[in-house]
Amino acid sequence: MADQYAQSGEDKRPADIPAIRWEEPPEGPVVVLLDQTRLPAEEVELVCTDASALVEAIRSLAVRGAPLLGIAGAYGVALAAARGFDVDDAANALAGARPTAVNLSVGVRRARAAYRAQLAEGGDPAQGALAALAAARQLHEEDAEASVRMAGHGLALLDELMPGGQHRVLTHCNTGALVSGGEGTAFAVALAAHRVGRLRRLWVDETRPLLQGARLTAYEAARNGMAYTLLTDNAAGSLFAAGDVDAVLIGADRIAADGSVANKVGSYPLAVLARYHHVPFIVVAPVTTVDLETPDGASIEVEQRPGFEVTEAMAAQAPVTGAGGGIPVAPLGTQAYNPAFDVTPPELVTAIVTEEGVVSPVTAGALAELCGRARGGGDGAAAPDGVAAP
């Protein structure tokens, strides 16, 4: 078996470089990002002095991942307000930087609403900026807390579905501390299993074309001393066929009202493989990723990325000859199909794990009830069918 030969390194803690932070140097407030396009070769930070710089960082994937995009959007509004730019213009640009990840617009709306509320109460723009910053910081803290709770619920679900531990988990893209105010979503569940000695193997999909799994998830797994093995996306089927996958854990960029899940392209094929091989397919995401205003999967706008991400390969210290800054791997003029996400229908999802509990089976009613409890404040009443009480 392949995992007999994989070795875990010494237990290490992640670098003390947060994925995002707010700073106030003498020359004015800034948003500082860990540039994820440079990982794992270099840990380099980007300093954004205005919302337009943050928009470019979002589009280039220097900052990415649904929960973190929400935090970035909120800080971006606060930055615009603090530096005296037009807040509405900045908010609109930020919210439109990536259309599929609903958390981005959620974060933007929260910070802008705080700014407007302060002005409506007679505050000046400086007070409005402070209110927007407070909203961004609160969202950041809430996401960190949600990460802890999701990890707990997810680990309990794994243990329920597969008593005895020694889980072999397949994950796609990157869902750890690089996408969160805390330790992540799906990755945080695997990390929790690792810490209690119940993770036998983390299978890491390479995640083409930008290799978020190879570059980022492997980076985080190595730093946490986890036993992990990297594979190309098209090798996943052979793992399932060999019986080497006990569960699939992925994140989400948007969950529609019916339970359809938009996530990094390549997630849907894993769901199909998991269903055929009777393997649980589990989505881990905060409640802010559930968008009840999007009725179904067909209504989710799927971002289309530039073709050069497919037709060119990036390699450090190699000559740059392609239009996108990489090495061409396809004939000049080749057209590429490059959706950033695909959509998995709810009938292929075993469970959705949130900080408020677990939804299984995944139905529109169960999701609506969970969101109502989260956003309206629950009274401790019993959860409806399909919703596990937290």
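Helix α2 meets helix α3 through G73, G76, V77, A80 and A81 on the α2 side and V87, A90, A91 and L94 on the α3 side. Contact here means heavy atoms within 4.5 Å. The residues of this contact divide into seven nonpolar, two polar and no charged. Ala, Val, Leu, Ile, Met, Phe, Trp, Tyr, Cys and Pro count as nonpolar, Asp, Glu, Lys and Arg as charged, and the others, Gly among them, as polar.

This is a predicted model: local features need pLDDT of at least 70, side-chain atom pairs count only at pLDDT 80 or more, and totals for chains, interfaces and linings use all residues. Residues are numbered from 1 along each chain as its sequence is written, and side-chain values use heavy atoms, with hydrogens and water left out.

**Helix packing**

Two packed helices are described by the angle between their axes and the distance between the axes. Axes are lines fitted to C-alpha atoms, for helices over the stretch in contact, and angles run from 0 to 180 degrees between N-to-C directions. Helices (H or I, at least four residues) and strands (E, at least two) are DSSP runs, numbered from the N terminus.

| Pair | Angle | Axis distance |
|---|---|---|
| α2 and α3 (residues 87-95) | about 155° | 9 Å |
| α2 (residues 66-82) and α5 (residues 125-161) | about 165° | 8 Å |

The angle makes α2 roughly antiparallel to α5. α2 and α3 are therefore also roughly antiparallel to each other; the cut-off for that term is an angle over 145 degrees. The crossing of α2 past α5 is left-handed, and that of α2 past α3 is right-handed. Left-handed means that the near helix is turned anticlockwise from the far one by less than a right angle, and right-handed means clockwise.

On α2, the contact with α5 uses P67, G70, I71, A74, Y75, A78, A81 and A82. On α5, it uses A129, A132, L133, A136, R137, L139, H140 and D143. These residues divide into 12 nonpolar, two polar and two charged.

**A loop residue**

V265 sits in the loop between β9 (261-264) and α9 (267-276). Neighbours within four places in sequence aside, V265 contacts H172, R208, P339, A340, F341 and D342. V265 and H172 are 93 residues apart along the chain, and their C-alpha atoms are separated by 9.1 Å.

**Whole chain**

The chain has 11 helices and 17 strands. Of its 390 residues, 52% are buried (under 20% relative accessible area, 1.4 Å probe, protein chains only). Among contacts with a separation of 6 or more, 74% join residues 24 or more positions apart. The accessible surface comes to about 16500 Å², of which 53% belongs to carbon and sulfur atoms.

Technical notes:
Angles under 35 degrees count as roughly parallel, over 145 as roughly antiparallel, 65 to 115 as roughly perpendicular and the rest as oblique. Buried means under 20% relative accessible area, exposed over 50%, partly exposed in between (1.4 Å probe, protein chains only). Accessible areas come from the Shrake-Rupley method with a 1.4 Å probe; for residues, only the protein chains shown count as cover.
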